[in-house]
Amino acid sequence: MKTDLAFGRLPVITSSFAITSTYVNNINSTALVSFSDSAAAPSITISGPASVCAGTLATFNATPLNSTAPSYQWQVNGVNAGTDNATFSTSSLNNNDVVTCILTDNSGTPPVTSNAITVKINPPLVPTISIATGKATQCAGAPVSFSATAGNAGTNPNYKWTVNDVDAGSNSATLTLASILPTDVVKCVVTSDSPCPASTESNTITNINTIDNLTPSLSIQSSVTSPVCNGTPIKFTASPVNEGANPTYQWQVNGANQGTNTPDFTISNFANGDVVRCMLTNNNSPCLTSPTALSNAITISVIPPSTLVPSVTIIPDLYEECTGVSLTFKAVATDAGDNPTYQWKINGQNVGINAGIFNSSSFKTGDKISCTVTSSALCSLATATSNEAAITIHPLINNSVTIRSSAVNNTSSPNQTVVFTAQASYNTNIAYQWQVNNINAGTNSPEFTADNLVNGDVITCLVTTTGQCIATQVVTSNAITMIIDVPIVVVNTFTPNGDGINDTWDIPMLRTYPNCRVSVFSRYGNSVYNSVGYAKPWDGTYKQKQVPTGTYYYIIDLKNGRDKVSGSVTVIR
């Protein structure tokens with residue numbers, strides 16, 4: 001810059017900035033002169049979509065003006081975004097987000113902000129779709145069709161069918177396949193018809209049962225394979241193939257309908273040369289080549305009857321036995337064929353099984369046994385009835401024995417003589433064996449005397465019975481448990497001081513009462529000793545600690561039905 005203010009000349013400005021200069025003129029006054037750069041300032045505009053589909057990429061472009069080396073700062077709703085680039089792309093905009101860009105020029109001018117673009121986010125049109133087929137079961141070789149039902153898909157949606165993830169069919173709401181396997185998986189993807197389209201995959205259809213075309217057939221079998229006698233029942237059995245769940249059977253004899261709607265047919269009123277067949281109808285199976293099938297034919301052959309006359313005898317013809325013993329009778333048949341039929345009878349009533357031998361243990365005196373034989377000779381219907389066998393049954397003798405003692409309530413004193421008496425219900429041919437604690441004693445006599453019994457001895461008697469029809473030869477009587485009443489002497493003082501003399505509360509007679517209960521209490525009623533049996537006398541302790549000197553109170557229950565014994569005992573140390 002060059003100036004000459006003395007002559008009122010203005011300064012020459014060579015700059016792009018605005019300059020303010022102050023000078024003094026020759027009349028001693030001052031003036032303010034302002035200068036402004038005539039160069040244009042930088043600016044920026046942005047362009048981009050005003051609306052986009054949700055989730056899609058939107059791209060915005062910045063166009064700078066009057067800037068030689070610009071830098072860019074993109075913003076979304078005033079928040080920095082993107083990079084220093086003239087292009088800004090994003091797929092995360094929300095509805096009504098505002099996009100701007102700030103331009104900063106390297107000339108030092110202030111940053112400038114672009115125009116604002118408010119973006120509208122259009123939601124996608126998400127369709128729904130379901131597919132279905134008219135048949136869950138398909139005949140082999142027949143086409144199968146599928147239909148798609150779409151919703152919220154616009155006016156002209158796009159359909160993409162696949163079978164096992166391989167494209168099939170065309171852009172149509174229906175799909176027809178020439179054939180299908182049970183393992184095939186059919187599905188369809190529909191794409192909506194809108195500015196913001198979306199796709200939805202349908203349900204899948206699989207396990208379509210493909211059924212082979214069925215042809216019913218029927219064969220019949222006879223229960224006999226050789227000629228039979230007239231009147232012999234013959235059973236025919238039908239064996240169907242591909243008959244369905246509810247088939248119909250129509251039996252025919254010589255072409256005329258007979259029998260009922262069952263897979264079995266029995267006939268006995270036939271003639272030689274009759275022909276039996278059966279017609280099968282399948283009523284409900286799909287994929288049938290024909291609903292009916294005619295079986296093979298079976299011709300019946302009849303032979304003439306036999307003229308042989310059978311006879312039968314049973315042995316023995318007299319039985320004498322005890323009740324409950326199994327008796328056996330044998331039938332001897334003649335002229336009855338190789339395999340005759342036997343029908344045993346007691347007092348005219350049918351019993352037993354078809355066998356030449358009959359046994360039972362339920363006979364009674366006076367029962368009459370007989371047998372009827374039907375000949376097995378070819379075409380012989382002749383029968384014969386045997387002689388009658390008589391039976392005498394003797395009742396079983398069930399002996400029993402009861403014993404009793406001369407001691408009142410089976411209780412005696414030591415060395416007291418006690419007499420035991422046995423009473424048998426049957427007194428013929430019997431022997432006695434007395435036992436004390438299961439050890440033999442006494443003699444073969446209904447009486448047994450003892451004077452050396454001890455408390456708890458158990459007395460029994462075995463009676464052996466001999467003779468015919470004795471149910472149990474040896475029976476045992478009731479048991480008598482003797483109570484020997486031994487007086488109990490209870491000492492009232494002992495000195496448990498460890499000197500070896502009178503250290504325990506000894507009651508020797510309690511050893512004869514192994515089930516007795518001994519209880520000792522303090523004067524306050526607290527239990528200090530309790531014992532079942534008295535094998536170990538009380539030593540004056542409670543929980544392994546010595547009880548204090550003093551008087552204690554006891555209760556002794558002998559468990560023999562007698563009253564309890566009670567009193568006091570003094571512990572002295």
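This is a predicted model: local features need pLDDT of at least 70, side-chain atom pairs count only at pLDDT 80 or more; totals for chains, interfaces and linings use all residues.
Searching the whole structure turns up three disulfides. One of them joins Cys 53 to Cys 196, with 1.9 Å between the sulfur atoms. The S-S bond of Cys 53 and Cys 196 has a torsion of -90°, and the link is left-handed. Cys 53 and Cys 196 are both buried.

Another disulfide is formed by Cys 139 and Cys 287, whose sulfur atoms are 1.7 Å apart. Cys 139 is found in strand β13 (residues 137-139) and Cys 287 in the loop between β27 (275-281) and β28 (292-294), so the pair ties together parts that are 148 residues apart in sequence. The torsion about the S-S bond of Cys 139 and Cys 287 is about -95°, so this link is left-handed. Cys 139 has a relative accessible area of 24% and is partly exposed, whereas Cys 287, with a relative accessible area of 10%, is buried.

The remaining pair to describe is Cys 322 and Cys 469, which form a disulfide with sulfur atoms 1.7 Å apart. This pair links distant parts of the chain, 147 residues apart: Cys 322 is in strand β32 (residues 318-322), and Cys 469 is in the loop between β46 (458-465) and β47 (474-476). About the S-S bond of Cys 322 and Cys 469 the torsion is about -85°, so the disulfide is left-handed. Cys 322 has a relative accessible area of 10% and is buried; Cys 469, at 8% relative accessibility, counts as buried. Two further cysteines deserve a mention. Cys 101 counts as buried at 0% relative accessibility, and Cys 188 counts as buried at 0% relative accessibility.

Attention now turns to the nonpolar core. The largest nonpolar core has 42 residues, and the members that touch the most others are Phe 420, Trp 434, Ile 459, Trp 505 and Trp 538. The surroundings of Trp 538 can be followed residue by residue. Apart from neighbours within four places in sequence, Trp 538 is in contact with Phe 494, Thr 504, Trp 505, Val 520, Val 528, Tyr 529, Val 547, Tyr 552, Val 569 and Val 571.

The structure holds one cavity of 30 Å³ or more, and the largest cavity contains about 40 Å³ of space. Among the residues lining the largest cavity are Val 52, Cys 53, Ala 54, Thr 90, Leu 93 and Ile 121. Sorted by class, the lining of the largest cavity has six nonpolar and five polar residues, with no charged ones.

The second largest pocket holds about 170 Å³ of space. Its lining includes Asn 455, Gly 456, Met 482, Ile 483, Tyr 513, Pro 514, Cys 516, Leu 558 and Lys 559. Of the residues lining the second largest pocket, six are nonpolar, five are polar and one is charged.

Technical notes. Residues are numbered from 1 along each chain as its sequence is written. Side-chain values use heavy atoms; hydrogens and water are left out. A nonpolar core is a set of buried Ala, Val, Leu, Ile, Met, Phe, Trp, Tyr and Cys residues joined through side-chain atoms within 4.5 Å. Buried means under 20% relative accessible area, exposed over 50%, partly exposed in between (1.4 Å probe, protein chains only). Contact means heavy atoms within 4.5 Å. A disulfide is a pair of cysteine sulfur atoms within 2.5 Å. Helices (H or I, at least four residues) and strands (E, at least two) are DSSP runs, numbered from the N terminus. On a 1 Å grid over the protein atoms alone, a cavity is a set of points where a 1.4 Å probe fits but cannot get out, and a pocket is an open set with protein on both sides within 12 Å along at least five of seven lines; lining residues have an atom within 4 Å of a point. Grid points are joined across faces, edges and corners, and a volume is the space filled by probe spheres set on the points. Ala, Val, Leu, Ile, Met, Phe, Trp, Tyr, Cys and Pro count as nonpolar, Asp, Glu, Lys and Arg as charged, and the others, Gly among them, as polar.
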